Amino acid sequence: MTMADASRAAIEPNGLCVLVVEDDEADAYLISRALAAQPAVHQVVRAADGVAALAMIQSGEVKPDLAFIDLQMPRKNGFNLLAAFAGRPETSFPMVVLTSSTAPNDAIRSRLRGAMRVVTKPDTLEEMDSVLGFAIAAACPSGVKPTLARRAVDHASRPKTKGYPGIHAAAIDER
């Protein structure tokens, strides 16, 4: 067993369950590969669209610690899924939008619906590793599972802004 394997084994029992909501097979494969390389991630669950993701959460099939959500999907797009998840505080978890859109309006709409970050999908696996690692570290420092109590405190301690409630950082994260 290598040191990397030992490190992963030490984290896995308490590792993160990550929900990936992505309709594109190629993107889902790239995201899953990049998440598998993250030591804090124990399990990756994929939903092909917002309807499937919402059903998985409502049925208790998955209890994610973090979700990566695409915006443009059939049946229930990412904006509507963000709003549905935000309206269910009992199943609250950090949500990161991972999109090919670079439109500032999409970033603003995502943040207003509860996304903690909006990240443009990178083109390579190496860039994807970096972007996802950064998002995981921001959402779950040191791979620690976020708790409802901590999220409530974090939300309450955020500075209030005028104009666009819920927006506390740059509209689109830098890569």
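A crossing of two helices is called right-handed if the near helix is turned clockwise from the far one by less than a right angle, and left-handed if it is turned anticlockwise. The exercises below concern a predicted model.

**Exercise 1.** Work out how helix α3 and helix α4 pack, and which residues meet.

*Solution.* Begin with the geometry: α3 (residues 50-59) and α4 (residues 78-86) pack at an angle of about 15 degrees, and their axes lie 9 Å apart. Since angles under 35 degrees count as roughly parallel, α3 is therefore roughly parallel to α4. Next, take the handedness, which for the crossing of α3 and α4 is right-handed. Finally, look at the residues: Gly50, Ala53, Leu54 and Ile57 in α3 meet Leu81, Ala84 and Phe85 in α4, and by class this contact has six nonpolar residues, one polar residue and no charged ones.

**Exercise 2.** Describe the order of the strands in the sheet, and say which strands are at its edges.

*Solution.* The sheet is open and has five strands, paired in parallel in the order β2-β1-β3-β4-β5. Its edge strands are β2 (41-47) and β5 (117-120), each of which pairs on one side only, and the twist from one strand to the next averages 20 degrees.

Terms used
Residues numbered from 1 in each chain as written. Predicted model: local features only at pLDDT ≥ 70, side-chain atom pairs only at ≥ 80, totals over all residues. Heavy atoms only, no water. Axes fitted to C-alpha atoms, helices over the stretch in contact; angles between N-to-C directions. Helix = DSSP H or I, 4+ residues; strand = E, 2+ residues; numbered from the N terminus. Parallel < 35°, antiparallel > 145°, perpendicular 65-115°, else oblique. Contact = heavy atoms within 4.5 Å. Nonpolar A, V, L, I, M, F, W, Y, C, P; charged D, E, K, R; others polar. Pairing = 2+ DSSP bridges.
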